[in-house]
Amino acid sequence: VNSSKINSLASISGTGLDDFDLNRVDIRIKNNFDNRYWNGSAWVAEETYVTASGTNSWTYDSSGVIWENNNTYSINSRASDAAGNYQISFGTATFLFDNVAPESAIVSPVDGLAYSLNNPISVVSGTSSDEETLVEEVRVALKGNSSNLWWDGADFAAGAPQWHTATGTNTWSWNLPELISGASYYIAKYSVDEAGNSEDESGIN
């Protein structure tokens, strides 16, 4: 997870190796925003290590850690062997925690507005944003309201939404197929950020 962006972290795992038998692995979880450390139940000012389960292959149950949105964290692992030697160079991973979904909007076409040969529409366009990380992609689906079927890339034939990746992120667009004059359509969209958070689907008619 080093230098990554994540939205959950239920466990921390790694490996250890030594010429002697390993005795244990301790890890230090640091909140880089306020320089506090996780002691197993709370964030504290004093530098603190918690003990992982296992040695050569170890894990730590981090489901109880109170991760805060838009904070960066550093995790260091430190092994010790049966002879009492401690690891000198720490294993380190740093990540940004983001559990808030991005937001997106359809700018064109306008909800409820009628389009025609004199007022044509061939592209869906919009915007998206995320306060913590970058928006990774925007996905769009198109449904014919009379048939209640979704565009599958070739025809209105799917009974469930078929998601198509838009071009761009902060400003995005998706080319519409040829539409039937006099018919109405529903356009759905949602965005996904770098941490894997997905916005709830919404759309316009």
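## Strands and overall form

Helices (H or I, at least four residues) and strands (E, at least two) are DSSP runs, numbered from the N terminus. With that in hand, let's look at this predicted model. The protein has 18 strands and 0 helices. Its radius of gyration, taken over C-alpha atoms, is 25 Å, well over the 17 Å given for 205 residues by the globule rule (2.2 Å times the number of residues to the power 0.38), so the protein is more spread out than a compact globule. Along the principal axes, the C-alpha atoms fill a box of roughly 80 × 30 × 25 Å.

How much of the protein is buried? Buried residues (under 20% relative accessible area, with a 1.4 Å probe and protein chains only; exposed is over 50%, partly exposed in between) make up 38% of the 205 residues.

## A visit to lysine 5

Lysine 5 sits in strand 1, which covers residues 4-6. Lysine 5 counts as partly exposed because its relative accessibility is 34%. Leaving aside residues up to four places away in sequence, lysine 5 touches Leu96, Thr133, Glu194 and Ala195; contact here means heavy atoms within 4.5 Å. Tyrosine 49 is 44 residues from lysine 5 along the chain, and their C-alpha atoms are separated by 23 Å.

## How to read the numbers

Residues are numbered from 1 along each chain as its sequence is written, and side-chain values use heavy atoms, leaving out hydrogens and water. In this predicted model, local features need pLDDT of at least 70 and side-chain atom pairs count only at pLDDT 80 or more, while totals for chains, interfaces and linings use all residues.
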